[in-house]
Amino acid sequence: MREVFKKLFQAGDFWGGLAAMLVALPASIAFGVTIYSAIAPMHAALGALAGIIGAAVLGTLASLLGGTDRLISAPCAPAAALLSAFAIELVHDRVPGGNIVLLLLLLGVLAGLFQMLFGFVGIGRLIKYIPYPVVSGYLTAVGLIIIGSQLGKLLGAPAEASWYQALGATAQWDWRALAVGASTVLAMLLGPLLTRRLPGTILGIAAGVACYFALASQDEALLRLAGNDLVIGTLGASGEGYFRSITERWHEIGELRLSQVAALLGNALTLAVLLSIDTLKTSVVLDQLTRSQHDPNRELVAQGIANLASSSVGGLPGSGTMGATLVNLSSGATTRASGLIAGVSTLLFALLLGNFIAWVPVAALAGILIVVGVRMIDRGPLRFIQSSATVFDFGVVVTVVVVALTTGLIAASAAGVALSIILFLREQIGGSVVRHKLYVNQMSSSWHRPESETRILEQKGDQAVIFELQGSLFFGTTQQLYAQLDPELKARNFVILDMKRVQSVDVTAAHLLCQVRDTLAERGALLIMSSVRENLPNNRNLREFLEQTGVTENPETVRLFGELDSAIEWVEDRLLGESETAAPEPETPLELHEMEMFRHRKDETLADLETRLIRRTYAAGEIVYSRGEPGDAIYLIRRGSVRIFAPLGGGRTRHVATFGRGDFFGGLAFLDGLPRGNDAIAATETEFFILPQEQFNKLSDEHKKLALTLLKAISRSLALRLRHADSENAMLQEY
């Protein structure tokens, strides 16, 4: 046990929880008095105890069950505002005071149940989508609100005076309160420079209390609690009266009408939303300050359980509170144990050390909160003004602050998120959704075709255009996309849209694709879409979505391919005059004299070469050779086709080339003598002439001219392939 307490003190959780309690407890009492005084003055004492119990139960349970380190939960301003308005409305409706008290309890219970539901269905995850400018503005706004709410207390101005009235009415300042508050602020700022063993908050309170009693030594009136506005004062009720009142409240539940309970649902839902947002906002701010990551759904469930329990025993509902949490953080807390300590110490201090709490100066607490408020102001966004690219983001921060100060924090969050969405749409619309625009004579497929076919494709390739799309295709980018497609729709026979880098597609974009398809169909042209995936980053099945929106309903006007290379290969076949409907003629194996590189060679020479060749047939899918094997042979394809795969790392490969009838492969390793750098797999049943390196060496001795011709043919073919690859790379870099 001693080691546990030792670690607790070393971690700073004890001091953090204690300091947070000293901030949360007075506020909780004030909130309780505010709510219950709206029913009748006689209920003020019960309100004070309700605030104490609320702070104790919320602090303990939310910390034990929650998913956010350092978070302090206690009765809060949103709950006080809504419950006070609810109580006032019931008073106007002449509802008996006992019933109002019970309805307040039921309202807290229902709000807790709603919060638990929010957590179970995963609503808490939505908080991660709040942009940084909104969080920054919220942080700054809360800091300013805290400062504004405490200025009057620091200056000793009348309670009803606003912050600007308190600043302007210098004649109403109480120099004693100002002295206590100033000593507290100075101790908080200078104390950590002198010692790191005690947090600045504790030093500040100690300095404030010391200053107060120094002033009291000169003024005996300050040594009395009655009528003394400079200190918190007595709590105003006993534990015995509290427990008796709780029993009486639940005994009155039978007096409530069903309509009264049903009317609570709307208010309970509103309260649950307010408390959840307040908690999650505080958790997000805490993450920003500590570079941590909270569990929002777990936190909502924990807050719901805590609010349900607090209301069930007569306490106030609440949330994760910004002021007490930041005091806890600044006092050195690191774990959820600090919240547990804050909750337990709240009850102990209220019941056992009520006299000590009564003597804590209000101005000292105000000084602590003002320092916390100043530290909350996020100065980072000031750099946004320096660049036109980020000045609008600074505008979001300013908007959040202004709306928070003039309307409320919830409205400020909504305004900030709305503006951030507008800025996001602006960025999306500003960027181009066309990554590359090329023609088929600029970007060919991986099928290595004979020179005669390559020349035809160079001439006819501009009949097919390729658009590589990127980003999101939605209502904001459709006009931009159509403007780039429109000139090609009137001149090309094939329009290929590659969707590999598309993140999302909405209905407006699908309608545009239908227009593109119909425009091409009027001319007998064809829309081709490649890389149509079943799972986009937004989890939408793109292929299914295109079917549902009618884009692919007519296969005669639009075709889909799994990858761009397959689409280009299909278009190349059409440009070469191959008919899709005609049945493919069965391939007959080529003889040597029919292959392009051996034409015009003497029959006797080819006969000698043929005796040195190995005839072999590979089934479809069979490995011809693998990466790392010796490159001691060259392969001449008599019929069939072979696909070449290059390694990508991590056991993955990529299809980089296809060779067909009359072509050859394996020439690079054959020339440089290095191991194979890729894998060759038969795409269909394929017959080969295989020339081993050993036989080629013998051929070189006996038929030097034939060997030289063979080397020239291999080198020329490799050079053409390299030239074509360089041309495509240069074209891609240009775009």
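Reply: Start with a strand pair. Arg-643 stands opposite Ile-681 in S15. Keep in mind that this is a predicted model.

Me: Which strands does that pairing involve, and what makes them a pair?
Reply: Strand S12 (residues 642-649) and strand S15 (residues 679-682) are joined by four bridges. A pair needs at least two bridges. Therefore S12 and S15 count as paired. The two run antiparallel.

Me: What is the strand order in the sheet?
Reply: The order is S4-S13-S12-S15-S10. These five strands form an open sheet with mixed pairing.

Me: Why are S4 and S10 called edge strands?
Reply: Strand S4 (447-448) and strand S10 (623-625) each pair on one side only.

Me: Back to S12. Why is Phe-645 called buried?
Reply: Phe-645 lies in strand S12. Its relative accessibility is 17%. Buried means under 20%, so Phe-645 counts as buried.

Me: What does Phe-645 touch, beyond its neighbours within four places in sequence?
Reply: Phe-645 is in contact with Thr-653, Arg-654, His-655, Asn-678, Asp-679 and Ile-681. Ile-681 is also the residue opposite Arg-643. As for Gly-677, it is 32 residues from Phe-645 in sequence, with the C-alpha atoms 9.3 Å apart.

Me: What makes Arg-517 and Asp-518 a polar contact?
Reply: Their side chains are joined at 3.0 Å. The limit is 3.5 Å. Adjacent residues count only if both atoms are side-chain atoms, and this contact joins side chains.

Me: How do helices H6 and H17 pack?
Reply: Helix H6 (residues 132-155) and helix H17 (residues 391-406) pack at about 35 degrees, with axes 8 Å apart. Their crossing is right-handed. The contact residues divide into 12 nonpolar, three polar and one charged.

Me: Which residues of H6 and H17 meet?
Reply: On the H6 side they include Pro-133, Tyr-138 and Leu-144. On the H17 side, Asp-393, Val-397 and Leu-405 are among them.

How values were computed: Residues are numbered from 1 along each chain as its sequence is written. This is a predicted model: local features need pLDDT of at least 70, side-chain atom pairs count only at pLDDT 80 or more; totals for chains, interfaces and linings use all residues. Side-chain values use heavy atoms; hydrogens and water are left out. A polar contact is a pair of N or O atoms within 3.5 Å; within protein, one must be able to donate a hydrogen and the other to accept it, and residues adjacent in sequence count only if both atoms are side-chain atoms. Axes are lines fitted to C-alpha atoms, for helices over the stretch in contact, and angles run from 0 to 180 degrees between N-to-C directions. A crossing is left-handed if the near helix is turned anticlockwise from the far one by less than a right angle, and right-handed if clockwise. Contact means heavy atoms within 4.5 Å. Ala, Val, Leu, Ile, Met, Phe, Trp, Tyr, Cys and Pro count as nonpolar, Asp, Glu, Lys and Arg as charged, and the others, Gly among them, as polar. Buried means under 20% relative accessible area, exposed over 50%, partly exposed in between (1.4 Å probe, protein chains only).
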